Structure formats: structure tokens, C-alpha cells
Amino acid sequence: MLVVEQIGEVREALKAARTKGEVIGFVPTMGALHAGHLSLVRAAREECECAVVSVFVNPIQFAPGEDCDQYPRSITRDLDQCRSAGVDLVFNPPVDEMYGTQRVTAIGMSKLTDTLCGAHRPGHFEGVMTVVAKLFNIVQPDVAYFGQKDAQQALVIRRMVTDLDFPIRVRVCPTVRDPDGLALSSRNAYLSDDERTRALCLSKALGEARGLVRSGEKNAETITARMREVIESGRPEHIDYVDIVDPLTMSRVTTVDRPVLVAVAAKIGAARLIDNILLDVNSSEIIIDDLSDTSADAEKDGCSSDC
Ligand code: AMP
């Protein structure tokens with residue numbers, strides 16, 4: 001496995017793969033890798049001849065006062081995990097390499113970011129889109145892998161790829177959870193034992209929504225009110241949002257009469273945690289790949305169940 005820090009080294013290293021016509025799969029991450037990240041790596045490994053992972057804590061997607069400086073960093077362990085997973089190339093640039101020159105260009109989006117994390121973290125998605133666009137231009141993958149855990153991010157990236165004609169197929173893989181339901185997140189490292197127990201209120205609230213929809217409840221306000229009660233029982237420091245939105249537009253829905261994304265964000269201790277599930281009216285869970293416009297014409301090869 002090759003580990004490089006310079007953009008030029010990535011380009012050089014991938015030349016051979018490209019010349020051989022290998023399919024390049026790419027997993028962008030901020031490191032502190034866990035089984036959620038590794039599920040994306042596994043999908044890339046299985047579906048592509050060449051698997052590339054980036055590890056970069058992107059400062060421009062954090063607002064002042066957020067946890068950029070505290071964000072867990074464990075590059076030695078990350079590299080071990082990538083090596084064991086059969087990754088071919090890890091790109092781990094220093095901040096200067098990505099943002100050394102005075103940056104005056106950014107990518108923005110006029111829709112899809114008015115709700116959920118877009119509403120609560122001003123500038124966040126501009127930072128995400130900008131770094132992902134840079135990474136796409138550096139790595140030039142054929143396929144890029146994202147997690148449904150960050151559903152709004154996955155949708156935003158998909159849309160960016162479509163609108164800006166990146167020749168890249170975006171795959172969205174299901175959220176990996178601990179057996180008790182807690183969605184894996186690098187930020188779970190901030191949680192004390194007590195906070196980790198309290199953090200279960202997020203997945204429990206989503207389970208509550210699933211149960212209500214399954215039993216025929218269609219009123220979004222009724223569902224989110226009940227979810228808030230469940231979250232409050234975990235004594236969060238703060239609830240950012242509890243929302244039911246259209247998974248393709250991220251706009252709020254009032255009646256659950258079609259597939260919806262149920263999404264929550266709350267601060268437990270020092271950790272701002274997010275989680276979501278996709279439900280259809282028949283209450284069987286679906287995943288974002290099923291709803292994707294850009295993957296509709298792509299070959300379906302089981303990422304939804306396998307990754
Ligand atoms: P991050 O390092 O948090 O920026 O995440 C890198 C990628 O891993 C993103 O596409 C995330 O959506 C994905 N990811 C993070 N946590 C999980 C999880 N629990 N299950 C599946 N994918 C995840």
C-alpha cells in the first residue's frame with residue numbers, strides 16, 4: 001500500500017492504474033476510521049481494481065468554535081486498517097497541500113442545503129463540496145463511495161457530480177451501527193460511558209418513527225413530537241433538529257405518504273451526533289441508492305445489502 005501526502009504523487013501513482021484501464025474506487029474520509037468507513041472501503045475493494053482512500057480533516061467544513069482542532073486523529077491506526085483492508089493508495093495531505101494558496105474559489109449549492117445540517121452548520125456543505133471536488137480532481141476516480149449516515153452530504157455530492165459533469169459514479173452504502181443501534185461515528189470517541197448510553201436516544205427516536213409509520217401514523221408533526229420526547233429522555237445538551245424530509249429534495253414533508261428521510265442531530269456531551277433512516281410508506285426501510293437519480297441507470301450490484 002502506497003501512502004502519499006502530495007497531490008503530484010497521487011497523480012503519478014494512479015497513472016499506471018489508469019493506463020491499464022483499471023477501475024478506480026475512491027473513499028474520502030476524515031480518518032479515525034471505524035467499521036462504517038471500512039464498509040465503504042470493502043465495497044470499493046470488491047467493485048474496483050484499484051482502491052484509494054483519502055484521510056484529511058478538512059478545516060473549511062468546520063465553523064469557528066466547532067471541533068476541527070479536537071477531531072480525533074489516528075493516522076497510524078488508520079493506515080494499518082487500510083492495509084488490512086487491501087487499499088492500494090492512501091492520500092493523507094497536510095492542510096497546506098490542499099489549501100496552500102490563498103483560496104478564492106468555493107463550490108456552493110442553491111438547493112438541498114436549506115434544512116438539516118445545511119441549516120444548522122452555515123458554510124459546512126460549501127466546505128464539503130469544495131474539498132470533495134478537489135479530491136475528485138486529484139484522484140479522478142471512476143466510482144466514489146459515501147455513507148448514508150451523512151444522507152444530506154451524499155445527496156449534495158450526487159447533485160454536484162451531476163451538475164458539474166464529473167465522470168464519476170456515486171455509491172451510497174448503508175449506515176453501520178453497533179449492535180445496540182448507535183450509528184458508528186468518529187465523534188463517538190468523545191463519549192464517556194454515560195454519554196454513550198444516552199446517545200442511544202437518537203437511534204431509539206428513529207426506531208420510534210419507524211414504529212409509528214408502520215402503525216399507520218402519517219402526520220409528520222406527531223411523529224417528530226414523539227421522537228423529541230425520546231431524545232429528551234437521553235438528556236442531550238442540545239437538539240439541533242428532528243425532521244422528516246423528502247429524501248431527494250431535503251424539503252420538509254407534513255404528511256408521510258411517500259418515501260421519507262427521518263433525520264436527527266443532537267449534542268450529547270461534547271459530541272454533535274447525527275443519524276437518519278429512510279422509510280417508505282409501507283415502512284420497509286430503504287436505502288438512498290434505491291432512490292438515486294444518478295444511479296438509476298447504473299448497474300445495481302447489491303451495495304445496498306452488501307456494503
Ligand atoms: P467522515 O470520516 O466522517 O467524513 O466519513 C467518511 C465517509 O464515511 C462518509 O461518506 C460517511 O458518510 C461515511 N460514514 C461515516 N460513518 C458511517 C457509518 N456509521 N456507516 C456508513 N458510512 C459511514
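The axes of helix H8 (residues 193-214) and helix H9 (residues 220-232) come within 8 Å and cross at roughly 150°. Axes here are lines fitted to C-alpha atoms, for helices over the stretch in contact, with angles from 0 to 180 degrees between N-to-C directions. Helices are DSSP runs of H or I, at least four residues, numbered from the N terminus. H8 and H9 are therefore roughly antiparallel, a label for angles over 145 degrees.

This is a predicted model: local features need pLDDT of at least 70, side-chain atom pairs count only at pLDDT 80 or more, and totals for chains, interfaces and linings use all residues. Residues are numbered from 1 along each chain as its sequence is written, and side-chain values use heavy atoms, with hydrogens and water left out.

On the H8 side, the residues meeting H9 include Cys201, Leu202 and Leu206; on the H9 side, they include Ile223, Met227 and Ile231. Contact means heavy atoms within 4.5 Å. The contact of H8 with H9 has 11 nonpolar, no polar and three charged residues. Nonpolar covers Ala, Val, Leu, Ile, Met, Phe, Trp, Tyr, Cys and Pro; charged covers Asp, Glu, Lys and Arg; the others, Gly among them, are polar.

Next, the ligand. Of the 17 residues around the ligand (a heavy atom within 4 Å), Met30, His37, Asp150, Val176 and Leu184 come nearest. Ligand oxygen atoms lie 2.8 Å from a polar side-chain atom of His37 and 2.6 Å from a side-chain N or O atom of Asp150. A polar backbone atom of Val176 is 2.8 Å from a ligand nitrogen atom.

Definitions and conventions:
Helices (H or I, at least four residues) and strands (E, at least two) are DSSP runs, numbered from the N terminus. Angles under 35 degrees count as roughly parallel, over 145 as roughly antiparallel, 65 to 115 as roughly perpendicular and the rest as oblique. A polar contact is a pair of N or O atoms within 3.5 Å; within protein, one must be able to donate a hydrogen and the other to accept it, and residues adjacent in sequence count only if both atoms are side-chain atoms.
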